[in-house]
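Please consider the structure displayed below together with its sequence.

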Amino acid sequence: LRRLSLGRNAIKKLEQLDIPQLEELWISYNKIDKLSGLDKLKNLKTLFMSNNNISNWGEIDKLANFCPELVEALFTNNPICNNLPEQEYRYMVLQRLPRLQKLDGSYVNPEEREEAEKRRGN
């Protein structure tokens with residue numbers, strides 16, 4: 001199993017996702033507010049989780065440890081996106097997930113990466 005699609009299932013909590021070979025997880029349009037259940041997904045490269053309830057930046061921090069191979073993420077329409085100007089939000093995500101190549105459907109450009117890196121160093 002390399003791709004798992006669980007979108008639009010009113011899921012509130014991720015538990016026991018012990019699928020180390022999983023590369024893509026599609027969990028958009030649920031009610032997820034914590035990412036604790038992703039700790040065994042060491043090979044995850046793509047995480048689509050728009051339209052959930054992620055409101056704490058600590059949850060995004062977890063992804064850096066849980067999913068070191070993550071290169072594409074979709075967080076659109078989570079509370080963490082809605083309280084900041086878009087570019088500021090992108091910097092905040094890239095500070096936490098510096099390996100991302102694509103965020104919310106747009107490629108990360110070199111200037112964004114550089115600015116996020118500067119901010120991470122402060």
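The following paragraphs treat the model, then its strands and loops, and then its helices.

This is a predicted model, in which local features need pLDDT of at least 70 and side-chain atom pairs count only at pLDDT 80 or more, while totals for chains, interfaces and linings use all residues. Residues are numbered from 1 along each chain as its sequence is written, and side-chain values use heavy atoms, with hydrogens and water left out.

Helices (H or I, at least four residues) and strands (E, at least two) are DSSP runs, numbered from the N terminus. Strand β1 covers residues 3-5 and contains Ser 5. With a relative accessibility of 49%, Ser 5 counts as partly exposed; the class lies between buried, under 20% relative accessible area, and exposed, over 50%, for a 1.4 Å probe and protein chains only. The C-alpha atoms of Ser 5 and Ser 28 are separated by 8.8 Å, although the two residues stand 23 residues apart along the chain.

Ser 28 belongs to the loop between β2 (24-26) and β3 (46-48). Its relative accessible area is 12%, so Ser 28 is buried. Leaving aside residues up to four places away in sequence, Ser 28 touches Gly 7, Arg 8, Phe 48, Met 49, Ser 50, Asn 52 and Leu 74, where contact means heavy atoms within 4.5 Å. The side chain of Ser 28 also reaches the backbone nitrogen of Ser 50 at 2.9 Å.

Asn 43 is likewise placed in the loop between β2 and β3. Asn 43 has 35% relative accessibility and therefore counts as partly exposed. A polar atom of its side chain lies 2.8 Å from the backbone oxygen of Pro 20.

Attention now turns to the helices. Helix α1 (residues 57-66) packs against helix α3 (residues 86-96) at an angle of about 40 degrees, and their axes are 8 Å apart. That angle makes α1 oblique to α3, because angles under 35 degrees count as roughly parallel, over 145 as roughly antiparallel, 65 to 115 as roughly perpendicular and the rest as oblique. In this packing, Trp 57, Ile 60, Asp 61 and Ala 64 of α1 meet Tyr 89, Met 92, Val 93 and Arg 96 of α3.

At the start of α4, a side-chain oxygen of Asn 109 comes to within 3.0 Å of the backbone nitrogen of Glu 111.

Terms used
Polar contact = N/O pair within 3.5 Å; in protein donor to acceptor, adjacent residues only side chain to side chain. Axes fitted to C-alpha atoms, helices over the stretch in contact; angles between N-to-C directions.
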